[in-house]
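Please find below a colleague's note on this entry, to be read beside the coordinates.

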Amino acid sequence: MPKSIIVPEGTQKPIAPYSPGTLADGVVYVSGTLPFDKNNDVVHVGDAGAQTRHVLEVIKSVIETAGGTMEDVTMNHIFITDWANYQAVNKVYAEYFPGDKPARYCIQCGLVKPDALVEIATVAHIGK
């Protein structure tokens, strides 16, 4: 099955060996996305809601570069460092998925940089 690597314009160089997204058989797989700026520094330190918004905007750019929209999202894998941030993450998350909600799970864990409070990986079916 052929696949295409998805790299939105202006994307920072990954800190590990991965691509921001992969498109295969009409499905976009978005790598775990952290709240990083173009220098791979954490943005909005201490603000889980703002970090979530940043992460979802990056995910949106990957999906749109592949030809889809956030309405095509079918699954989100959410990682947070502290359950105290769960409400803030969900508040912003609901703005990006106002209609039918994609399937998802959320776990508490450590992330690659201590100031990162949230990471999200996404699957979207764009039908191409």
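The points below cover the sheet, the helices and the nonpolar cores.

1. The model is predicted, and local features are taken from residues with pLDDT of at least 70.

2. Six strands form an open sheet in the order β1-β2-β3-β6-β4-β5, and the pairing is mixed. From one strand to the next the twist averages 10°.

3. Six bridges join β4 and β5, which pair in the parallel sense. Across from tyrosine 105 in β5 stands histidine 77.

4. α1 lies across β1, β2 (21-24), β3, β4 and β6, and runs at about 30° to β6. α2 also packs on the sheet, where it touches β4, β5 and β6; its direction makes about 155° with that of β4.

5. The largest nonpolar core has 26 residues, of which Val28, Leu56, Ile59, Met70 and Ile78 touch the most other members. At least two residues of this core come from each of β3 (27-33), α1 (48-65), β4 (73-80), α2 (86-96) and β6 (118-125). With six residues, α1 gives the most to this core.

6. Which residues does leucine 56 touch, leaving aside those up to four places away in sequence? They are Met70, Val92, Tyr93, Tyr96, Phe97 and Ile120.

Conventions
Residues are numbered from 1 along each chain as its sequence is written. This is a predicted model: local features need pLDDT of at least 70, side-chain atom pairs count only at pLDDT 80 or more; totals for chains, interfaces and linings use all residues. Side-chain values use heavy atoms; hydrogens and water are left out. A nonpolar core is a set of buried Ala, Val, Leu, Ile, Met, Phe, Trp, Tyr and Cys residues joined through side-chain atoms within 4.5 Å. Buried means under 20% relative accessible area, exposed over 50%, partly exposed in between (1.4 Å probe, protein chains only). Helices (H or I, at least four residues) and strands (E, at least two) are DSSP runs, numbered from the N terminus. Contact means heavy atoms within 4.5 Å. Two strands pair if DSSP finds at least two bridges between them. Axes are lines fitted to C-alpha atoms, for helices over the stretch in contact, and angles run from 0 to 180 degrees between N-to-C directions.
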